[in-house]
Amino acid sequence: MEKTDELNPVSVQLDLNSLMRRTQVLTALNIGKTKFAELLAAGLFPAPIRLINGQRIPGRTLYWKRGDVLKYLLAQDQSRSDDLKRVASEGLNRYLTGSAPVDCGSHGTEAHHA
């Protein structure tokens, strides 16, 4: 029997539910403790897991579900893709300033016809 590269849905789900410590999350996000604390305080990153099956996790160590970290990373990637698409369609200056497109086609033509 040949070994296949198909993913077993049960093992994938178990992996997404596995817990990560803060150091593992920081490594996955490639950020430092201060930036991570800012993300948490602003509510931009999922809160740590405090209960498993209704039971409080003992100790002071904080954990995050691997699936929540992955969702955050995918959302960040999508946001960057959307920003790049806007830059490509609007131009960098308009993207950075947030200004509306300027109609240069009629600039000054009325003064010459008067």
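This is a predicted model: local features need pLDDT of at least 70, side-chain atom pairs count only at pLDDT 80 or more; totals for chains, interfaces and linings use all residues.
Let me start with phenylalanine 36, which lies in helix 3, the helix running over residues 33–41. Leaving aside residues up to four places away in sequence, phenylalanine 36 touches Arg22, Val25, Leu26, Leu29, Ile31, Phe45 and Trp64. One of these, valine 25, is 11 residues from phenylalanine 36 in sequence, and the two C-alpha atoms are 9.1 Å apart in space.

Let me step back to the whole chain for a moment. The protein chain has six helices and four strands, and along the sequence they follow the pattern α-β-α-α-β-β-β-α-α-α. Of its 114 residues, 13% count as buried. If we take the contacts with a sequence separation of 6 or more, 53% of them are accounted for by residues 24 or more positions apart.

Now to leucine 29, one of the residues that phenylalanine 36 touches. Leucine 29 is found in helix 2, and with a relative accessible area of 12% it is buried. Again not counting residues up to four places away in sequence, leucine 29 touches Phe36, Phe45, Val69, Tyr72 and Leu73, and Phe45 is also listed among the residues touched by phenylalanine 36. Leucine 29 and leucine 70 are 41 residues apart in sequence, while their C-alpha atoms are 9.5 Å apart in space.

The residues making the contact are Val25, Ala28 and Leu29 on helix 2, and Val69, Tyr72 and Leu73 on helix 4. By class, that contact has six nonpolar residues, with no polar and no charged ones. As a general point, an α-helix has 3.6 residues a turn, so residues three or four places apart point the same way.

At 1.5 Å a residue, its 25 residues should span 36 Å, and the C-alpha atoms at its ends are 36 Å apart, which agrees. Within helix 4, Gly67, Val69 and Tyr72 are buried. After helix 4 comes glycine 91, whose phi is positive, near 95°.

A further backbone detail deserves a mention before I stop. Which residue other than glycine has a positive phi, near 60°? That is asparagine 30, which lies in the loop between helix 2 and helix 3. In general, most residues other than glycine have a negative phi. Is asparagine 30 buried or exposed? With a relative accessible area of 70%, asparagine 30 is exposed, because the label requires a value over 50%, whereas leucine 29, at 12%, is buried.

How values were computed
Residues are numbered from 1 along each chain as its sequence is written. Side-chain values use heavy atoms; hydrogens and water are left out. Contact means heavy atoms within 4.5 Å. Helices (H or I, at least four residues) and strands (E, at least two) are DSSP runs, numbered from the N terminus. Ala, Val, Leu, Ile, Met, Phe, Trp, Tyr, Cys and Pro count as nonpolar, Asp, Glu, Lys and Arg as charged, and the others, Gly among them, as polar. The expected span of a helix is 1.5 Å times one less than its number of residues. Buried means under 20% relative accessible area, exposed over 50%, partly exposed in between (1.4 Å probe, protein chains only).
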